[in-house]
Amino acid sequence: ALADRALPSGDEIARRCAASILAFVKELDPPEAGPYPREVFMAETVEWILGREERVVVSAHNSHVRRTPFLGRPTLGGLLGSTLGSGLVVLGTTYGRGPEVRFTQRSPRPFDCEVSLEERTVLPPNSVESRLDRLGPPVTVADLRRTPDGFLDGVDGTLAGGGLDPVDDFPAAYDALVHLRRVTRVPGAFERLRAEFERQEHPEEPESP
């Protein structure tokens with residue numbers, strides 16, 4: 001009802017906010033194929049910004065910004081790539097060691113997760129992080145259009161949430177990877193994240209009249 005009130009308002013900010021609500025609701029029963037509503041909303045929002053700005057920098061998870069499908073579904077990067085073409089540059093971000101947030105789904109409901117904090121100390125040999133970590137500098141930028149022959153042989157994906165996000169073709173997915181050998185926590189960030197998910201698990205009951 002809130003979205004229905006905002007959409008005809010003529011206020012573009014209100015309309016974008018309404019679209020975000022509708023995308024979230026559609027995630028409760030997503031289509032069996034094609035992009036998830038969240039990806040479509042993000043792509044449309046970027047294009048909306050580009051309607052009045054010359055450039056925009058988008059910061060999102062690797063699974064969103066990549067050009068190639070993720071688990072068979074088109075991504076934000078893929079949707080933008082079809083309209084922006086060579087005007088789109090995709091940088092993935094990886095790291096070797098440091099804190100790692102892990103999500104355990106509590107129910108089929110979107111974003112209903114239990115979150116925990118672990119420490120990443122071992123890099124699986126089939127992760128791209130294991131290759132990039134060997135390059136030496138604290139921060140490395142790897143241009144995937146110029147990687148040496150064999151550098152990505154046996155690499156199956158990028159690390160995320162305690163698992164491996166599959167990537168079949170790195171140069172097709174990303175233009176470059178920015179790799180940090182070690183990362184550290186932002187004080188209070190994980191605690192705020194966990195509190196958000198705990199509020200979803202135990203919503204406050206309305207006060208009695």
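Visitor: Which residues of H2 are buried?

Guide: First, a word on the source. This is a predicted model, where local features need pLDDT of at least 70, side-chain atom pairs count only at pLDDT 80 or more, and totals for chains, interfaces and linings use all residues. Residues are numbered from 1 along each chain as its sequence is written, and side-chain values use heavy atoms, with hydrogens and water left out. Now the buried residues of H2: they are Arg-16, Ala-18, Ala-19, Ala-23 and Glu-27.

Visitor: Why is Arg-16 called buried?

Guide: Buried means under 20% relative accessible area, exposed means over 50%, and partly exposed is in between (1.4 Å probe, protein chains only). Arg-16 has 18% relative accessibility, so Arg-16 counts as buried.

Visitor: What do the buried residues of H2 pack against?

Guide: They pack against helix H1 (2-6) and helix H3 (37-50). Contact here means heavy atoms within 4.5 Å.

Visitor: How do you know that Arg-16 forms a salt bridge with Glu-44?

Guide: The test is a side-chain nitrogen of Lys or Arg within 4 Å of a carboxyl oxygen of Asp or Glu. The closest N and O atoms of Arg-16 and Glu-44 are 3.9 Å apart, and the pair passes. Arg-16 lies in helix H2 and Glu-44 in helix H3, so the pair ties together parts that are 28 residues apart in sequence. Glu-44 is at 39% relative accessibility, so Glu-44 counts as partly exposed.

Visitor: How many salt bridges does the structure hold?

Guide: It holds 10. One of them joins Arg-106 to Asp-112, with the closest N and O atoms 2.9 Å apart. Arg-106 is partly exposed at 26%, and Asp-112 is buried at 7%. Another joins Arg-145 and Asp-143, at 3.1 Å from N to O. Arg-145 has 60% relative accessibility, so Arg-145 counts as exposed. Salt bridges with shared partners also join Glu-100, Arg-102 and Arg-120 into one network.

Visitor: Is Thr-68 buried or exposed?

Guide: Thr-68 has 18% relative accessibility, so Thr-68 counts as buried. Its place is in the loop between helix H4 (62-65) and helix H5 (76-84). Leaving aside neighbours within four places in sequence, Thr-68 is in contact with Thr-75, Ala-172 and Ala-173.

Visitor: Why is Phe-24 called partly exposed?

Guide: The relative accessible area of Phe-24 is 41%, so Phe-24 is partly exposed. Phe-24 is found in helix H2.

Visitor: Which residues make the nonpolar surface patch?

Guide: Leu-2, Ile-21, Phe-24, Val-25 and Leu-28 make the patch, which is about 450 Å². H2 gives the most to this patch, with 3 residues.

Visitor: How do you know that S4 and S5 pair?

Guide: Two strands pair if DSSP finds at least two bridges between them. Strand S4 (residues 157-160) and strand S5 (residues 163-166) are joined by 4 bridges, and they run antiparallel. Thr-158 has Asp-165 in S5 as its bridge partner. The two strands form a hairpin with 2 residues between them, and Gly-161 in the turn has a positive phi of about 60 degrees.

How values were computed. Patches are made of residues with over 30% relative accessible area and no salt bridge: like charges are joined within 9 Å, nonpolar side chains (Val, Leu, Ile, Met, Phe, Trp, Tyr) within 5 Å. Accessible areas come from the Shrake-Rupley method with a 1.4 Å probe; for residues, only the protein chains shown count as cover.
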